Amino acid sequence: MLEKEIKILEVDMKELQEKLEKLWATKTFEWFIHDVYYDFHCEENNPKMEANKRLFRVRKKWDIHMYTIKRKRNKKNEWWEKWVKIADEGEREITNVESFKKVLEKYWMKETREKKKYRISYALDNCEFDIDDYYMWDNKNIIPPLLEIEAHTSEEIGKWIKKLWLENHRQEK
């Protein structure tokens, strides 16, 4: 599946929820998400997948575990697209996490980082809006709340940035 998303940093979570609810967005999720990222072990401590614009993640969302593989693509046409991330994404559910981790280790993959976030998700007009508040295990590198908008096209993302009055907010590059 082709994924298009943008992350808008330092948002006011309460204000954004109010805006989305006034637009009749449907709340689809509210709880913690725990992500663990993996990469191939190599002697130079140089992550091989990350260096090739790829990502491997195991996610716990409620009691469901999923693994995700992403490959980033290049793009950039319109003003908002310089921040839109485009990636091929594949996701599958995992039934036995411990067994799955052993398989990853057998193929020389190791845990590279992890993060926990509190997510509130909304759906509206075939778009997903995820408001994330991050909690890092080491209490360092705290990330301010952010909004992730995911849509089928970059134009849809641009439309929602304008509708939510977020053009002047800082985006993640």
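Me: Which residues form one aromatic cluster?
Reply: In this predicted model, the cluster consists of Tyr-38, Phe-56, Tyr-67 and Phe-100.

Me: How are the rings of Tyr-67 and Phe-100 arranged?
Reply: They are stacked, because their planes lie at 25° and the stacked class covers planes under 30 degrees apart. The ring centres of Tyr-67 and Phe-100 are 5.1 Å apart.

Me: Where in the chain are Tyr-67 and Phe-100?
Reply: Tyr-67 belongs to strand β4 (residues 64-73), and Phe-100 to helix α3 (residues 97-106). The two are 33 residues apart, and their pair links distant parts of the chain.

Me: Is Phe-100 buried or exposed?
Reply: Phe-100 is buried, at a relative accessible area of 19%, because the limit for burial is under 20%. Tyr-67, at 22%, counts as partly exposed.

Me: Turning to the whole structure, how many aromatic pairs does a search find?
Reply: The search gives eight aromatic pairs. Among them is Trp-31 with Phe-32, in an edge-to-face arrangement, with 5.7 Å from centre to centre and 80° between the planes.

Me: What is the relative accessible area of Trp-31?
Reply: For Trp-31 the value is 45%, and the residue is partly exposed. Phe-32 is also partly exposed, with 29% relative accessibility.

Me: Which residue lies over the face of Phe-32?
Reply: That residue is Lys-116, at 4.9 Å from the ring centre.

Me: And what sits over the ring of Trp-160?
Reply: The charged end of Lys-163 does, 4.7 Å from the centre of the Trp-160 ring.

How values were computed:
Residues numbered from 1 in each chain as written. Predicted model: local features only at pLDDT ≥ 70, side-chain atom pairs only at ≥ 80, totals over all residues. Heavy atoms only, no water. Phe/Tyr/Trp six-rings, centres within 6.5 Å; stacked < 30°, edge-to-face > 60°. Buried < 20%, exposed > 50% of the residue type's maximum accessible area, 1.4 Å probe, protein only. Helix = DSSP H or I, 4+ residues; strand = E, 2+ residues; numbered from the N terminus. Lys NZ or Arg CZ within 6 Å of the ring centre and 35° of its normal.
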